[in-house]
Amino acid sequence: FRSVSFKKLTDGELASLPELKDEASRAETFGFNNAYGALVDGRVVHVSWLFERVHSEARGLPVLGLREGEAEIGFCATLPEYRGRGIYPYALEQLCRIAASRGIRRILMFTLADNLASQRGILKAGFRRCGRTFMYVPPFSNGARRVFFRLFRLGI
């Protein structure tokens, strides 16, 4: 690539990403914008969200249950034509630097078990597997109620 950069995205930038249209609606759902983008030659080609403990009470957020000194990276999306080119690991590395500058000592991520491409990018960025998280949706709850088992907290 001629020029790769990384930055915090504004609400306007999120709204102007037709290829990554879910990102603008996430900011509305969460009630805040903590999205970051990887840009190639000035074009946003990847978006990742950084969630700190202060965000843990927001609606619709990831489920890892952050503790003091922890953050979560989630809702990562790379344009199809840029996948497999190192953009995702680059973005994760940049987010880890940002989090470390804020005193974050541990970054957590999770993927679906069959999302092997994301898992490869996460491992390439230097993360390691630390356990599993399971979600249980009680019958007849229509998905409205969920119980999360954070086995990674137990080293399982």
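Me: Which residues are buried in helix H4 (residues 116-124)?

Reply: Ser 118, Gln 119, Gly 121 and Ile 122 are buried there. Buried means under 20% relative accessible area, exposed over 50%, and partly exposed in between, with a 1.4 Å probe and protein chains only. Helices (H or I, at least four residues) and strands (E, at least two) are DSSP runs, numbered from the N terminus.

Me: How do those buried residues of H4 sit, seen down the axis?

Reply: They fall within an arc of 160 degrees, so they line one face of the helix. The arc is that of the directions from the helix axis to the C-beta atoms.

Me: What do the buried residues of H4 pack against?

Reply: They pack against H3. Contact here means heavy atoms within 4.5 Å.

Me: And which exposed residues are on the face of H4 turned away from its buried side?

Reply: Arg 120 and Lys 124.

Me: What follows H4?

Reply: Gly 126, whose phi is positive, near 105 degrees.

Me: Hold on, what kind of model is this?

Reply: A predicted model: local features need pLDDT of at least 70, side-chain atom pairs count only at pLDDT 80 or more, and totals for chains, interfaces and linings use all residues. Residues are numbered from 1 along each chain as its sequence is written, and side-chain values use heavy atoms, with hydrogens and water left out.

Me: What is the mean pLDDT of the protein?

Reply: The mean is 83, and 84% of the residues reach 70 or more. pLDDT is the predictor's confidence in each residue, from 0 to 100.

Me: Which elements have the lowest and highest mean pLDDT?

Reply: Strand S7 (residues 147-150) has the lowest, at 63. Helix H3 (residues 87-101) has the highest, at 96. Where pLDDT is low, the predicted coordinates should not be read in detail.

Me: New topic. How many salt bridges?

Reply: The count comes to 5. A salt bridge is a side-chain nitrogen of Lys or Arg within 4 Å of a carboxyl oxygen of Asp or Glu.

Me: Which residue forms a salt bridge with Lys 7?

Reply: Glu 13, with the closest N and O atoms 2.4 Å apart. Lys 7 is partly exposed because its relative accessibility is 34%. Glu 13 is also partly exposed, at 22%.

Me: What does Arg 43 meet in a salt bridge?

Reply: Glu 81, at 3.3 Å, N to O. The pair links distant parts of the chain, 38 residues apart: Arg 43 is in strand S3, and Glu 81 is in the loop between strand S4 (70-78) and H3. Arg 43 is partly exposed at 31% relative accessibility, and so is Glu 81 at 43%.

Me: Where does Glu 52 lie?

Reply: In strand S3 (residues 43-52). The side chains of Glu 52 and Arg 102 meet in a salt bridge of 2.5 Å, N to O. Arg 102 lies in the loop between H3 and strand S5 (106-108), so the pair ties together parts that are 50 residues apart in sequence.

Me: Are Glu 52 and Arg 102 buried or partly exposed?

Reply: Glu 52 is buried, because its relative accessibility is 15%. Arg 102 is partly exposed, at 40%.

Me: What else is Glu 52 in contact with, leaving aside neighbours within four places in sequence?

Reply: Besides Arg 102, Glu 52 is in contact with Asn 34, Leu 66, Glu 70, Ala 71 and Ile 104.

Me: Last one. How many disulfides?

Reply: The structure holds 0. A disulfide is a pair of cysteine sulfur atoms within 2.5 Å. Cys 76 counts as partly exposed at 27% relative accessibility, and Cys 96 as partly exposed at 25%.
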